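Here is a briefing on a predicted model.

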Amino acid sequence: MDIGARAKKILHAVVSEYLATGEAVGSQTVTRRYGLEVSAATVRTVMGDLEEAGLLKHAHTSGGRLPTERGLRYYVDMLLRVRSLTTGEKDEIRERLGTGGDVPDVMQRTSRLLRELSHLTVVVQAPRPDSDVVQHLEFVQLREGQLLAVIAAASGQIQNKLVPIDFQLTAGDLDRINNYLNELMSGLTLEQARARLIDEVKSDRAIHDQLVNRALKLASAAVPAVPAAPASDVLVDGQSNLLAGKADLERAKLLLRTLEEKDMVVRLLERTLSAPGICVFIGAEANLADLTDVSVVAAPYGPDDRPLGTIAVIGPARMNYSRVIPLVDFTAETIGEAIGKT
């Protein structure tokens, strides 16, 4: 939508004022505070045009205007001036998140940091199994008739599984099996690894080499089927921020219940994984309990071609986008680097 340069300036002024105060914005406020060098009458005319375009709406209690969801969307997409984080802010995020550690610890530190810096509700999704890369696979002999499969992922996650066997294996056999499987599967996601195993079972080598055939059967038993991301792997923090200030208590309670159930949140985070870069969902776009006065700023973390999970902040539609967007974006970048150190 091309609304013209003057209308863009006035819309930017109205939305900026609304985000700062939460109040309806009148033409006098725009002319007095934003130096547009046009009369209040001209501003009123343009605001009327913006209302007809669906970008502004009349407040019930005054003659001022408020941005609609569509107006906020236009502002975020076309008019927002995102400020960079300061060097001090970046250093703090790196210091608190960039030291590595196991995945649960990184997730906890991330949620706490974002909650403190944004004063909003934070959602952190742990690395999804279907995105994690196999770094190492090893079978260890426990006792006769039983092996322990140890799968180490690039994110630092370790999976152990007991695998029964009905044949004898020497230490040399196990070394050959482990070397073969690591050459075959290392660097693949679990989903890719399962597909590779299926293909390899049909190969001539698997048919004619008994040890290779056994190795593939062991790996197939050890590598888990890839489930959908479970809700329990989503950490929610800072829920009390939904009740701060002039929050509508009933709406806040509805959103709290939605966050507790987590299903809608997981679906929203999954949408973010398939989108390039940071995502901003405004009002109904977020599809959270049919609430229209809520916005979500989310970003995937991990490699660009294989995101591991998502972090997000949830707050009122009139959040400070120019600060929250770079905060979430840089935090996601730092998490990806931190998990790579695990």
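**Sheet and packing helices**

Three strands form an open sheet in the order E4-E5-E6, with antiparallel pairing. Strands are DSSP runs of at least two residues, helices (H or I) runs of at least four, and both are numbered from the N terminus. Two strands pair if DSSP finds at least two bridges between them. The edge strands are E4 (134-143) and E6 (158-164), and each pairs on one side only. From one strand to the next, the twist averages 20 degrees. Axes are lines fitted to C-alpha atoms, for helices over the stretch in contact, and angles run from 0 to 180 degrees between N-to-C directions.

This is a predicted model: local features need pLDDT of at least 70, side-chain atom pairs count only at pLDDT 80 or more, and totals for chains, interfaces and linings use all residues. Residues are numbered from 1 along each chain as its sequence is written, and side-chain values use heavy atoms, with hydrogens and water left out.

**Strand pairing**
- E4 pairs with strand E5 (residues 146-153) in the antiparallel sense over eight bridges.
- Valine 140 has leucine 148 in E5 as its bridge partner.

**Helices on the sheet**
- Helix H7 (residues 171-185) packs on the sheet and touches E4 and E5. The direction of H7 makes about 160 degrees with that of E4.
- Helix H10 (residues 210-222) lies across E4, E5 and E6, at about 125 degrees to E6.

**H7 against H10**
- The axes of H7 and H10 come within 10 Å and cross at roughly 65 degrees.
- The H7-H10 contact (heavy atoms within 4.5 Å) includes Ile177, Tyr180 and Leu184 of H7 and Leu211, Ala215 and Leu218 of H10.

**Arginine 65**
- Arginine 65 is found in strand E2 (residues 65-67).
- Arginine 65 is buried, with a relative accessible area of 10%. Buried means under 20% relative accessible area, exposed over 50%, partly exposed in between (1.4 Å probe, protein chains only).
- Leaving aside neighbours within four places in sequence, the contacts of arginine 65 include Val14, Arg44, Met47 and Glu51.

**Leucine 120**
- Leucine 120 is found in the loop between helix H6 (103-118) and strand E3 (121-125).
- Leucine 120 is buried, with a relative accessible area of 10%.
- Not counting residues up to four places away in sequence, leucine 120 touches, among others, Asp237, Ile314, Pro316 and Met319.
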